[in-house]
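The following dialogue is meant for a reader who meets this structure for the first time. Please look at the sequence and the model before reading on.

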Amino acid sequence: MDETEKADAPIGRSQSPVVAGGSAGQTEGGQSYPPPLGEDPATVSPFADLQAEARLQWEQLKRGPRPRIILGMGTCGIAAGANQIQEVVKESLAQQGVEAGIEAVGCIGVCYAEPLMDVVMPGEPRVCYGFVTARAAEWVVVSHLVGGRPVAELAMAVIDGESVEGIPRFEDLPVMRGQKRVALRHCGLIDPTSIHQYVANDGYSALHRALIEMTPEQVIDEIKQSGLRGRGGAGFPTGVKWEFCRNASGSPKYMICNGDEGDPGAFMDRSVLEGDPHTVLEGMTIAAYAIGAGEGYLYVRAEYPLAIQRLRTAIAEAERYGLLGDRIMGSDFSFHVKIKEGAGAFVCGEETALIASIEGKRGMPRQRPPFPAQSGLWGKPTTINNVETLATVPAVLLRGPDWYAGMGTGKSKGTKTFALAGKVKQPGLIEVPLGITLWEVVFDIGGGIADDKEFKAAQTGGPSGGCIPATALDLPMDFENLTRVGSIMGSGGLVVMDENTCMVDVARFFLSFTQNESCGKCTPCRLGTKQMLDTLVRITEGKGEPEDLDRLLQLGDAVRAGSLCALGGTAPNPVVSTLRYFRHEYEAHVVDKRCPAGVCTALLHFEIDPQKCTGCMLCARNCAAEAISGTKREPHSIDQQKCIKCGSCYEVCKFAAVLKS
Amino acid sequence: MGVQAAADPIDDLLARYSGQPGALIPLLQQVQGRYGYLKACHIEEIARFLKLSPSEVFGILTFYAQFRLTPPGRTHVRVCQGTACHVRGGKRILQELETVLNVRAGSTSEDFEYSLEKIACFGACSLAPVVVAGGSVYGRMTPQKVKKLFGRAESRASTVERLEAGELGGD
């Protein structure tokens, strides 16, 4: 089987040959997918040479005599200990006297199983090991690399081939079965620092097609036909956005990629930038060609140092091979990109605020119209697209708008990534066709609720979104349906909450975030979110009154109506939606002065059950407030005056003798 | 502390941005990157260079969470308080760090050994709760892991105190 097809496998096996618009002038190998090796995809050009060279290298890497070890080295992999695993692997290889190539890839999405370590023996498929510990890594080196047999007990999946030794294929894993990876198509499969690996997997072919065979209008038409909508939150049709900017008078024009992923709980942009930076550059260059921009900015959060580093490498490489810069691929089109590091302000995710920030001002939104398409950066026509949107663009141009529009629902076409996190068994980054139900996402892909607890709610859209209750688990998720139940699609953060999550506390958490991030320009947002937060804090401290609940709704209405940008316009959503579905929890706090989920510390009470306490002193040693006293082997007690209700004693007790109520 | 501006030059950084529009924020980032925080003398120098008033520069830099006006500790510890981390007990991790490092969030310990900062999200949500210290990212944190990771350093910081109190025999 050919590697390009393998890399493509997660997208789906129905190999509809790339339709590529079907317009005349579709010639030679250019668009047959993939072009057969050794046949130049286009007329002789530097890009064709690069493509041929890249494919040859990729083949040699795969078919070469050296075993390969591939490590997931995205931020998530590193957080789980991938660096230590790399050291262990190097040591073991040296000890065993085996030679193997060690490669680093981005996140493949199954973050719950990090660290991940894949082994490819010459001529054999790629075997992926999950939950790798130092000892497991050594074992794999000894058994698989030296011994030559995959360790079925430790292996998770076979990534690009048929099942061996009973190890399932990656795409057959329950976590993968419902997924279709478009924006994430290369993440975890190719080395993000290698432009050759990207090109060998059809990278920059879409750009080549756009520049050599299509007019900017044709590009816009195909994107419009595909039904692609902005993945950053608002869901505005991408093609229409481009058309506005294309038709706007004024020059120069600017293309901006919004990588200011400020929504806590969302990490798809980080993952794409770290795992497949060239896709974003390619999508951005296509967009620039469509709107007629010669200059562009990549605005990335400073909290994502690895993403920035990978982007810098990618830009330098793309420039070196003439895929970015002057006269790209020998065409008349030139495009230059600069990276702008965000300085930490959530509101800069809003287009006009982001523009102000690039201009070196405070990132405060302004009145629209004029929209950025008319008057954006430095007063010139500007298009701003989100990372995920741009990562999708090359795939749409390669496989055709009909292919993309064939996925999803009526008005919500294609696929969407979701950052699945919170109290779910298998958190990670997933990409699914729109219209999938929340149930499928949480229980089939996510594996259900951690520790088999009860599902309470799913929060989508971050601080601008809402909480979806269990009664809406069957809801097909698309832009319209999520809005209907009082939430939003947002950038795709999906935080799962269980019975131990207090919904009032969640609302307070989001309000404290938006209140802190409100830029202060609009009074209703600046003061209203503060009032709402104060009220919620009072409630979580047991000082709330029943009237507070309606007051929150009234305040929410005022904040929503009186704010210029989406930050204020959506800030009340978490409160309104939790009040709509979980009013009883609010009432428990204000009427019974009780937190049913056992979260709000001021309403908690810790006590030691003298029957169960063995007097091991563990709780006393761990009590930061020195509130626990008692002699060894005698039941201990908590001084309620000193207790700060941190819950340390409850966590460390091995005999369940600490009672929380 | 108390170093003269002349000893902490930023001319080379200024030169890099000469004549470039939108240079203020990248400049502040570079200067902070070099010295760990923004000194008053540097703010004035940047303002002069960009023909802005120092108060304008101050107004812009305090808008953004990234900029610091006080020096960070030798080890800068950042604790994620994003949604996923919050739901998975990020607040407990924060409390534990405050206790173990003996420094409050948003400040620097007196010996400049540690500073602790709350961050809205690192985007490593699937490994929540997350702590970043120095250049390392630590996932799936527990209060016990906080003690293990930072506890040794803590005992070093309080070694003097405990020596003075004559407590160090039995440890």
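Predicted model: local features only at pLDDT ≥ 70, side-chain atom pairs only at ≥ 80, totals over all residues.

The questions and answers below set the values against the definitions behind them.

Q: What is the predictor's confidence in chain A and in chain B?
A: Confidence is expressed as pLDDT, which is given for each residue from 0 to 100. The mean pLDDT of chain A is 91, and 93% of its residues reach 70 or more. For chain B the mean is 85, with 85% of residues reaching 70 or more. For the complex, the predictor gives an ipTM of 0.85 and a pTM of 0.88.

Q: Where does pLDDT stay under 50?
A: In chain A, pLDDT stays under 50 over residues 1-43, for which the model has 62 contacts beyond four places in sequence; two residues are in contact if their C-beta atoms, placed from the backbone, lie within 7 Å. In chain B, pLDDT stays under 50 over residues 1-5, with 3 contacts beyond four places in sequence. The stretch 167-171 of chain B also stays under 50 and has 3 such contacts.

Q: How many helices and strands does chain B have, and what counts as one?
A: Helices (H or I, at least four residues) and strands (E, at least two) are DSSP runs, numbered from the N terminus. On that basis chain B has 8 helices and 5 strands, and their order along the sequence is α-α-α-α-β-α-α-β-β-β-β-α-α. Among contacts in chain B between residues at least 6 apart in sequence, 60% join residues at least 24 apart.

Q: Why is A:Tyr204 called buried?
A: A residue is buried if 20 or more other C-beta atoms lie within 10 Å of its own, exposed if 12 or fewer, and partly exposed in between, with C-beta atoms placed from the backbone. A:Tyr204 has 28 C-beta neighbours inside 10 Å, and therefore counts as buried. By the same definition, buried residues make up 38% of the 171 residues in chain B.

Q: Is A:Arg327 buried or exposed?
A: A:Arg327 has 12 other C-beta atoms within 10 Å, so this residue is exposed. A:Arg327 lies in the loop between α13 (305-320) and β8 (336-341) of chain A.

Q: What makes the backbone at A:Tyr204 and A:Arg327 worth noting?
A: Most residues other than glycine have a negative phi, and most peptide bonds are trans. A:Tyr204, in the loop between α7 (195-200) and α8 (205-213) of chain A, has a positive phi of about 65° although it is not a glycine. A:Arg327, also not a glycine, has a positive phi of about 45°.

Q: Which peptide bonds are cis?
A: A cis bond joins A:Ser251 and A:Pro252, with omega about -5°; A:Pro252 is in the loop between α10 (238-247) and β6 (254-259) of chain A. The bond from A:Pro369 to A:Pro370 is also cis, with omega near 0°, and A:Pro370 is found in the loop between α14 (351-358) and β9 (382-386) of chain A.

Q: How do you know that the buried residues of α17(A) lie on the same side of the helix?
A: In α17 (residues 438-445) of chain A, the residues A:Leu438, A:Val441, A:Val442 and A:Ile445 are buried. They cover an arc of only 120° around the axis, which puts them on the same side of α17(A); the arc is that of the directions from the helix axis to the C-beta atoms. Elements that cover these buried residues include β10 (415-422) and β11 (428-433) of chain A.

Q: How many residues does each chain give to the contact, and of which classes are those of chain B?
A: The contact takes 37 residues from chain B and 49 residues from chain A. The largest share of the side of chain B that touches chain A, 4 residues, comes from α5(B). By class, that side has 23 nonpolar, 12 polar and 2 charged residues; Ala, Val, Leu, Ile, Met, Phe, Trp, Tyr, Cys and Pro count as nonpolar, Asp, Glu, Lys and Arg as charged, and the others, Gly among them, as polar.

Terms used. Residues numbered from 1 in each chain as written. Chains lettered and ligands numbered in written order.
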